[in-house]
Amino acid sequence: MNKHKHHIVFRSQGGLDFPLNIIELTPIEHLGAGGPHLNKTVDRMYKLQLQERLFEVFDEETYSIEEIATLLKRPKAIDYFSKAFKAV
């Protein structure tokens, strides 16, 4: 079956392209009435699961952009993350 790649934190919400923020869903799971785009409960569940995984990955107080890129499995995307985090 064809799978859709879904950004847990939507790109329109500032969601970035890294493996933890992307899940594969069937078209019905993705776009149907029970999917994250139409069901706020499901959307929140996915976001809370992502938050838990991020807390597991980031257990230190501070990180460099290089460390963030590596931990998010995008080590060659330092420029990408630098732009995303420059205001933080």
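Colleague: Which residues in α2 are buried?

Modeller: In this predicted model, the buried residues of α2 are Val42, Asp43, Tyr46 and Leu50. They lie on the same side of α2, because they cover an arc of only 105 degrees around the axis.

Colleague: And what does the face turned away from that buried side carry?

Modeller: Exposed residues: Lys40, Thr41, Arg44, Glu52, Phe55 and Glu56. Phe55 is on that face along with Lys40 and Arg44.

Colleague: How many residues does α2 have, and how far does it reach?

Modeller: α2 has 18 residues, and from its first C-alpha to its last it reaches 26 Å. That is close to the 26 Å expected at 1.5 Å a residue.

Colleague: Back to Glu52. Why does it count as exposed?

Modeller: Its relative accessible area is 52%, and the cut-off for exposed is over 50%. Glu52 is found in helix α2.

Colleague: Let me step back. What elements does the protein have, and in which order?

Modeller: There are 4 helices and 2 strands. From the N terminus on, they run β-β-α-α-α-α.

Colleague: What about overall dimensions?

Modeller: Taken along the principal axes, the C-alpha atoms fill a box of roughly 40 × 25 × 25 Å. The protein has 88 residues, and 30% of them are buried.

Colleague: Now the strands. Do β1 and β2 run parallel or antiparallel?

Modeller: Antiparallel, with 4 bridges joining β1, residues 4-7, to β2.

Colleague: Which residue in β2 stands opposite His4?

Modeller: Leu25. Leu25 also belongs to the covered face of β2, together with Ile23.

Colleague: Then which residues are on the uncovered face of β2?

Modeller: Ile22 and Glu24. The strand itself spans residues 22-25.

Colleague: Which residues lie nearest its centre?

Modeller: Leu16, Phe58, Ile68, Leu72 and Phe85, out of a lining of 17 residues.

Colleague: How does that lining split by class?

Modeller: The lining has 12 nonpolar residues, 4 polar and 1 charged.

Colleague: Where does α2 come into it?

Modeller: α2 supplies at least two residues of the lining, and so does α3, residues 65-71.

Colleague: Last one. What is the phi of Lys73?

Modeller: Positive, about 60 degrees, although Lys73 is not a glycine. Most residues other than glycine have a negative phi.

Colleague: Where is Lys73 found?

Modeller: In the loop between α3 and α4, the latter being residues 78-85.

Colleague: Buried or exposed?

Modeller: Lys73 counts as exposed, at 63% relative accessibility.

Definitions and conventions: Residues are numbered from 1 along each chain as its sequence is written. This is a predicted model: local features need pLDDT of at least 70, side-chain atom pairs count only at pLDDT 80 or more; totals for chains, interfaces and linings use all residues. Side-chain values use heavy atoms; hydrogens and water are left out. Buried means under 20% relative accessible area, exposed over 50%, partly exposed in between (1.4 Å probe, protein chains only). Two strands pair if DSSP finds at least two bridges between them. On a 1 Å grid over the protein atoms alone, a cavity is a set of points where a 1.4 Å probe fits but cannot get out, and a pocket is an open set with protein on both sides within 12 Å along at least five of seven lines; lining residues have an atom within 4 Å of a point. Ala, Val, Leu, Ile, Met, Phe, Trp, Tyr, Cys and Pro count as nonpolar, Asp, Glu, Lys and Arg as charged, and the others, Gly among them, as polar. The expected span of a helix is 1.5 Å times one less than its number of residues. The arc is that of the directions from the helix axis to the C-beta atoms.
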